[in-house]
Amino acid sequence: MERRYFRSFLFLLTLFPLSVGRQVLAKVPQRDFASLFGEVTSDYSTIDRLGSAYLAVVDEHRLAATLRRLRDKTPTRIAELRAAIAELAQEDLARHDTVLVDGWVLARAEAEALALIHIAKRS
Amino acid sequence: MLEDLNSLDPGQQLEADLVIVGAGAAGITLALEFVGTAHRVLLVESGSLDGDADTQALDQGDVVGMAYEPLESARARYFGGSTNMWTGWCRPLDSIDLQSRPGLGILGWPFGSGELEPFYRRAQPIVDAGPYRYSAAYWAESVGPVDDLSAAALGLTFWQKSPPVRFGTRYLEALRAATNVTVLLNANLTSIVTGSDGAVVDGLEIRSLAGKSATVRGRCFVLACGGLENPRLLLCAAPERPQGLGNEHDLVGRFFMEHPHWDIGTIYPSEPYYLVDKYYRHVSDGRMQSAAWAFTGPEQERLGVSNCCVGLGLHGYRDDGIAAAAKAWHDLRHGRIPDEIADRTLAILGDIGGISESIWRKFWLHRRINRPPEQLKLLVVLDAKPNPDSRVRLGPERDALGMPRVQLDWRLSADDERSMALVVQRVAGELTRLGDGRVRLHPALQDPSGGWARAGNLAGHGIASQAPEMEISWHHIGTTRMAASPSAGVVDGNCRVHGTANLYVAGSSVFPTAGTANPTLTIVALALRLGDHLKQTGFAI
């Protein structure tokens with residue numbers, strides 16, 4: 001393709017999508033913990049890896065306490081359970097209660113939930 | 001007036017009211033304060049107007065503690081001093097940096113931040129770093145509202161950037177034209193002549209590398225040679241005081257501090273531009289600005305940690321349609337047909353939105369970052385706990401002038417690692433809580449007692465280590481620190497060497513604490529303060 005045609009093509013490309021670009025800019029960026037939490041709990045290999053890593057160091061009494069906190073939220077469906085875990089995790093983050101699992105900074109409740117899911121998958 | 005020791009008659013005796021040794025940021029600032037006054041000032045500089053290898057070699061020394069860059073590469077030994085290699089970043093110390101913190105074993109400064117404030121304001125135009133505004137409100141004026149992390153006891157601290165001002169270039173003419181100031185080049189201090197009790201400095205012996213020598217007599221003397229050279233000279237240059245001037249309590253050279261920093265983690269941002277727009281470097285009022293998070297003062301007290309800070313770095317850009325368009329544009333500008341046209345065109349067509357956004361950001365919003373970063377770095381800067389075992393000594397080797405070379409034994413502590421780990425984890429937790437992104441920290445932080453900072457894994461030195469790589473800042477701080485009592489410091493609150501009547505020290509070697517602020521602005525502020533003090537005393541002994 002001749003150079004000038006390619007230049008024109010490129011120029012048109014940049015002009016044409018201004019409307020598209022403005023739509024992109026008009027998007028409100030998704031910035032909330034719930035969406036981050038959704039990402040980490042949607043990938044089973046991540047759950048397994050992080051869950052097993054945290055199991056190696058977790059205090060069992062703490063795990064039991066988290067189970068009780070979850071039960072108190074009375075979730076009846078998977079979506080409600082996920083929301084309940086996210087809620088506990090937000091509470092922990094607000095208290096600066098974080099743990100390092102394989103280098104990842106997680107709310108403690110997040111890490112415990114991943115450990116519990118890993119246990120459930122194993123059994 | 002400009003003179004060269006090599007051009008003077010042999011054995012000449014020079015006289016001045018104020019003799020300043022070292023023409024870096026501190027020495028030049030102090031000399032400028034006396035331009036046009038009735039006092040004669042002699043500014044003695046080891047090097048010439050430009051650097052040369054032989055003079056620079058005088059800065060060679062040994063590194064026996066944690067790894068460090070070669071000492072002669074860490075300083076610039078010619079007119080202008082280390083401002084010749086200065087990056088330009090400026091920030092005043094925080095209030096907590098000057099406070100005494102007995103719980104941490106930190107001796108504070110002998111005055112509070114209120115004392116320094118007017119001198120910072122005077123220093124700001126000297127370093128040409130924009131308006132003296134270092135509040136979060138000023139930052140928000142250019143980036144818009146930022147997240148309120150006060151509930152997490154985190155605050156935003158930030159820097160402004162000098163062009164940078166090379167003091168040797170910017171202020172040479174003012175000093176050359178001053179009739180009461182003589183700048184003497186190629187003159188190295190080899191001896192501080194005192195009375196038998198060492199209390200009064202009568203004069204200096206100076207020599208050039210070419211062998212010319214002279215004697216300097218004065219009423220008042222200031223060492224302004226930097227954090228490695230100031231203690232070296234105090235330790236070895238006074239034959240009447242073999243243990244060193246100001247060293248009755250073996251403090252000269254101790255408490256060496258730096259501003260090492262680490263790439264300690266990776267942020268996977270949920271929205272590519274939010275964090276860089278809000279917290280990464282940008283230009284405002286014609287000056288580059290940069291920001292970092294740190295614990296508030298009360299939180300530092302509660303946790304028993306120092307004032308370390310955490311900031312962002314870039315980790316490269318996504319390889320996508322924008323990259324393809326940029327490469328194509330680059331080829332076209334250089335008269336080439338872009339290669340891999342088909343692949344590039346498809347990538348461009350598949351990322352029209354991103355390309356549009358990039359063009360919009362660059363040409364309309366004037367954003368510095370107009371390509372989405374793939375990841376961001378989390379960087380931590382240490383505010384070191386003053387450690388008496390981290391020190392500068394005299395080494396066994398001698399330099400070309402026959403004087404002992406410096407030996408650096410730099411050390412960090414477990415408290416330093418704890419301070420950094422806590423603030424890093426808090427910032428990471430907040431970024432997660434706000435949904436800004438996921439953070440993965442270096443595996444070494446998994447083991448708090450692992451000594452990851454003390455490992456001293458200096459970047460680029462091929463040190464086999466699992467510890468994160470460390471970079472230094474070439475800041476040499478604390479080695480002749482200020483304290484009201486000679487049992488706690490080398491100089492008093494006016495920077496006068498304890499046990500002497502007319503010898504002072506200027507520069508970052510007098511800082512009792514390092515904070516995380518780059519030292520140049522404080523160096524200039526303290527030099528202005530010393531100048532005011534000397535004018536008030538009239539050099540009276």
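Let's start with B:Glu248, which forms a salt bridge with B:Arg241, the closest N and O atoms being 2.2 Å apart. By salt bridge I mean a side-chain nitrogen of Lys or Arg within 4 Å of a carboxyl oxygen of Asp or Glu. B:Glu248 is partly exposed because its relative accessibility is 42%, while B:Arg241, at 7%, counts as buried. Those words have cut-offs: buried is under 20% relative accessible area, exposed is over 50%, and partly exposed is in between, with a 1.4 Å probe and protein chains only.

A quick word on the source: this is a predicted model, where local features need pLDDT of at least 70, side-chain atom pairs count only at pLDDT 80 or more, and totals for chains, interfaces and linings use all residues. Residues are numbered from 1 along each chain as its sequence is written, chains are lettered from A and ligands numbered from 1 in the order in which they are written, and side-chain values use heavy atoms, leaving out hydrogens and water.

Now, over all chains the structure holds 42 salt bridges. Another one pairs B:Arg219 with B:Asp17, at 3.8 Å between the closest N and O atoms. These two sit 202 residues apart, B:Arg219 in strand β10 (residues 213-223) and B:Asp17 in strand β2 (residues 12-21) of chain B. Strands here are DSSP runs of E, at least two residues, numbered from the N terminus.

Over in chain A, the side chains of A:Asp92 and A:Arg95 meet in a salt bridge at 2.3 Å, N to O. A:Asp92 counts as buried because its relative accessibility is 0%, whereas A:Arg95 is partly exposed at 49%.

Methods: Helices (H or I, at least four residues) and strands (E, at least two) are DSSP runs, numbered from the N terminus.
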